[in-house]
Amino acid sequence: TNVLFSILCINYYLSLRKFKHLYALQMRLFILLTGLSAIFGAIAHGVHYQLGCVFFSIVFFFMNTLNIFSIYYCFRAPLTYCYRGEEMSRKYLYVAFVWVAALIIYSILNGNFLVIKLHAGLALLFSLVVHYKAYRENNEVGSRLIVIGITISFGAIIVHSLKFSLHDWFNYKDASHLIMIISLMVIYKGIKQNVLNLDSRKLALA
């Protein structure tokens, strides 16, 4: 399931490369980094018992670091979308940089995935609020899809945290990854629609 999720992320990243403005760039980096993190997750789960705890800890650190940077872009992209060309206060970026640095240091010292999940949840919540506001104020179909996709993704966090498993061969990790795949498909459709709307507005202004 990690590998399937990664393939989907890379495919969506490549699909969004044709769009040049900042929101599209940040959203596709969010998707790509999440997918790369899932690859390291697949490696960690696949060879943990064969190669031992030291190897697992190193791979787990890289997985967490990629997750942290994906969280940053999950926060950064909706912030860019919120301002839509208006000058943005740099204090938001400074706070975000400090936040990322603190999480990386914490990951080195502790390596607890729960903290990463909590911060991912906060970034997703911020993205949900921004896109929900855009949907309510401008009736944007893309933002509505992103809100639906993010809402679905919270199910993955809940399933993973509660360790809800259907079977030994389909445990809480598999279930949460499946929910993430469904969530990603919906979010991608929403991003694409928003980007197309931004392009059409640019042409109208020109």
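Modeller: Helix 2 gives the largest share of the nonpolar patch, four residues. Helices are DSSP runs of H or I, at least four residues, numbered from the N terminus. The model is predicted: local features need pLDDT of at least 70, side-chain atom pairs 80 or more, while totals for chains, interfaces and linings use all residues. Residues are numbered from 1 along each chain, and side-chain values use heavy atoms, without hydrogens and water.

Colleague: What makes I10, L14, I39, I43, L51 and F55 a nonpolar patch?

Modeller: A patch takes residues with over 30% relative accessible area and no salt bridge; nonpolar side chains (Val, Leu, Ile, Met, Phe, Trp, Tyr) are joined within 5 Å. A salt bridge is a Lys or Arg side-chain nitrogen within 4 Å of an Asp or Glu carboxyl oxygen. Together the six named residues have about 460 Å² of accessible area (Shrake-Rupley, 1.4 Å probe).

Colleague: Why is I43 called partly exposed?

Modeller: Buried is under 20% relative accessible area, exposed is over 50%, and partly exposed lies in between (1.4 Å probe, protein chains only). I43 has 35%, so it counts as partly exposed. I43 is in helix 2.

Colleague: How do you know that L122 is exposed?

Modeller: L122 has a relative accessible area of 53%, so it is exposed. L122 sits in helix 4.

Colleague: What does L184 touch?

Modeller: Contact means heavy atoms within 4.5 Å. L184 touches F5, L8, C9, Y12 and I31, leaving out residues up to four places away in sequence.

How values were computed:
Helix = DSSP H or I, 4+ residues; strand = E, 2+ residues; numbered from the N terminus. Patch = residues over 30% accessible without salt bridge, like charges linked within 9 Å, V, L, I, M, F, W, Y side chains within 5 Å.
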